[in-house]
Amino acid sequence: MTEADVRSLTVGVFGGTGAQGRGLAYRWAKAGVKVVIGSRDAARAETAAAELAGSTGGDVTGADNASCAETADIVLVAVPWDAHAKTLEPLREALAGKIVIDCVNPLGFDKQGPYALAVEEGSAAQQAAALLPESRVTAAFHHVSAVLLADPEVAEVDIDVLVLGDDREATGTVRALADLVPGMRGVFGGRLRNAGQVEALTANLIAINKRYKAHAGIRITDV
């Protein structure tokens, strides 16, 4: 799919009032993509959307998650892990046939820092696939710093985005969506069954960022 094709899509963001979802929405709106911010609270979504529209000059609207699902062509799931299943369960019908991008990282935190949580289905993305069997579920955008995404002084986000999934056309679309952000590159990272280790790697990156006071990401060599 070309950049022009991707720009013709409406992208919904569940959790668009949170740091990660809002940051990606900001970058896509700046790139000319029509964005719908989704939230459990429509008023919060509308407020966030108005702020993003003002800062980007883009087409950004807000709605509750159900309306966001109905309106969008493709959706990003950027909700907290403990809200993951209950957010997606009621949206099975609305998301049927649509590309769903899961960027949720099931992590726990204790005195020793972050660690990966065990997920019965194997990963957050696989849980999404189980809850949304008629959707085209992919996994991507796990390792992108929300701080860098939201910073208007950061012209390019220097990172490769691993995109996983079993539907080649869907992963190609998500890769193209990543490529719209200056400095960012979408790279196919394998089947959805391998999403767990990608989600878990976020714990390592958090530890790196804490130690080095950085906003580290990943780059894939020789590709």
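Trainee: How much space lies in the largest pocket?

Mentor: Rolling a probe the size of a water molecule over the atoms shows where empty space is left. For the largest pocket of this predicted model, the computed space is about 720 Å³.

Trainee: Which helix gives the most to the lining of the largest pocket?

Mentor: The lining consists of 36 residues, and Ala19, Gln20, Ala78, Val79 and Pro80 lie nearest the centre of the pocket. Two or more residues come from each of helix H2 (19–30), strand S6 (107–110), helix H7 (146–150) and helix H9 (195–212). The element that gives the most, with four residues, is H9.

Trainee: How many residues in the lining of the second largest pocket are charged?

Mentor: This pocket holds about 160 Å³ of space. Its lining includes Asp166, Asp167, Arg168, Arg175 and Arg191, and Asp and Arg both count as charged. Beside one nonpolar and three polar residues, the number of charged residues is five.

Trainee: Is Thr138 buried or exposed?

Mentor: Thr138 belongs to strand S8 (residues 136–139). Leaving aside residues up to four places away in sequence, Thr138 touches Ile99, Val100, Ile101, Asp102, Leu164, Ala170, Thr171, Val174 and Leu192. A residue counts as buried under 20% relative accessible area. Because its relative accessible area is 1%, Thr138 is buried.

How values were computed. Residues numbered from 1 in each chain as written. Predicted model: local features only at pLDDT ≥ 70, side-chain atom pairs only at ≥ 80, totals over all residues. Heavy atoms only, no water. 1 Å grid on protein atoms, 1.4 Å probe; cavity = no way out; pocket = protein on both sides within 12 Å on 5 of 7 lines; lining within 4 Å. Points joined across faces, edges and corners; volume = space filled by probe spheres on them. Buried < 20%, exposed > 50% of the residue type's maximum accessible area, 1.4 Å probe, protein only. Contact = heavy atoms within 4.5 Å.
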